[in-house]
Amino acid sequence: DPVQWKVYKNELKENLDKLEGFLRLKAEPVALWNERQAREKQARSPKCEESGLVGVWQVMLSLGVTPKLTMEDAQSMSFYRKKDDTSPLPEYLLSCSRHGMTHHDILKAMDTLSNNRVSGRFFE
């Protein structure tokens, strides 16, 4: 349909214009910690499935908030889903598609682990 194509083309152009505007913005790189502080706080590069939870942990530590649980305890909570490496192939593949954390899970983890002292928000 030529009319819908024209609408789609205009929307695409608007989105590209917005993207170009973002790309023109220049920001200085920022680090939360220097190398010594990262070692003291035991910051580490997480495995892929841990990245959301480790991110929550590192934000809390950078704000001076000690999580109320250990990382191992947090991994057993409902907001964190692991892959099931010991199950038969169909169940394993299903667990792979669900492992990790969504943005809702990250916010819930932040609230839970900080006793509601730290909260976050995602913007569209």
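Modeller: Let us begin with accessibility: buried means under 20% relative accessible area, exposed means over 50%, and partly exposed lies in between (1.4 Å probe, protein chains only). This is a predicted model, in which local features need pLDDT of at least 70 and side-chain atom pairs count only at pLDDT 80 or more, while totals for chains, interfaces and linings use all residues. Residues are numbered from 1 along each chain as its sequence is written, and side-chain values use heavy atoms, with hydrogens and water left out.

Biologist: Why is Tyr8 called partly exposed?

Modeller: The relative accessibility of Tyr8 is 44%. Because this value lies between the limits of 20% and 50%, Tyr8 counts as partly exposed.

Biologist: Why does Trp5 count as exposed?

Modeller: Trp5 has 54% relative accessibility, and exposed means over 50%, so Trp5 counts as exposed.

Biologist: Where do Trp5 and Tyr8 lie?

Modeller: Both are in helix H1, three residues apart, which is about one turn of the helix. Helix H1 covers residues 2–24. Helices (H or I, at least four residues) and strands (E, at least two) are DSSP runs, numbered from the N terminus.

Biologist: What makes the pair of Trp5 and Tyr8 tilted?

Modeller: A pair of aromatic rings is described by the distance of the centres and the angle of the planes. Rings of Phe, Tyr and Trp (its six-membered ring) pair if their centres lie within 6.5 Å; planes under 30 degrees apart count as stacked, over 60 as edge-to-face, and the rest as tilted. The centres of the Trp5 and Tyr8 rings are 5.6 Å apart and their planes are at 35 degrees, so the pair is tilted. The structure holds one aromatic pair.

Biologist: Which residues make the nonpolar surface patch of about 530 Å²?

Modeller: Trp5, Tyr8, Leu12, Leu16 and Leu19 make this patch. Patches consist of residues with over 30% relative accessible area and no salt bridge; like charges are joined within 9 Å, and nonpolar side chains (Val, Leu, Ile, Met, Phe, Trp, Tyr) within 5 Å. A salt bridge is a side-chain nitrogen of Lys or Arg within 4 Å of a carboxyl oxygen of Asp or Glu. Accessible areas come from the Shrake-Rupley method with a 1.4 Å probe, and for residues only the protein chains shown count as cover.

Biologist: How many helices and strands does the chain have?

Modeller: The chain has six helices and zero strands, in the pattern α-α-α-α-α-α along the sequence.

Biologist: How do you know that Val56 is buried?

Modeller: Val56 has 2% relative accessibility, and buried means under 20%, so Val56 counts as buried. Val56 lies in helix H3.

Biologist: Which residues does Val56 touch, not counting residues up to four places away in sequence?

Modeller: Val56 touches Ile106, Ala109, Met110 and Leu113. Contact means heavy atoms within 4.5 Å. Between Val56 and Met110 there are 54 residues of separation in sequence and 6.1 Å in space, C-alpha to C-alpha.

Biologist: What is meant by the largest nonpolar core, and which members touch the most others?

Modeller: A nonpolar core is a set of buried Ala, Val, Leu, Ile, Met, Phe, Trp, Tyr and Cys residues joined through side-chain atoms within 4.5 Å. The largest one has 15 residues, of which Leu53, Val56, Met60, Phe79, Met101, Ala109 and Leu113 touch the most other members. Two or more residues come from each of helix H3 (51–62), helix H4 (71–75) and helix H6 (103–113). Helix H3 gives the most, with five residues. In soluble globular proteins, nonpolar side chains tend to be buried together.

Biologist: Why is Asp105 called buried?

Modeller: The relative accessibility of Asp105 is 12%, under the 20% limit, so Asp105 counts as buried. Asp105 lies in helix H6 and touches Phe79, Arg81 and Gly100, leaving aside residues up to four places away in sequence.

Biologist: What makes Val59 partly exposed?

Modeller: Val59 has 33% relative accessibility, between 20% and 50%, and therefore counts as partly exposed. Val59 is in helix H3.

Biologist: Why does Asn116 count as exposed?

Modeller: At 64% relative accessibility, Asn116 is over the 50% limit and so counts as exposed. Asn116 is in the segment after H6 and has a positive phi of about 65 degrees, although it is not a glycine.
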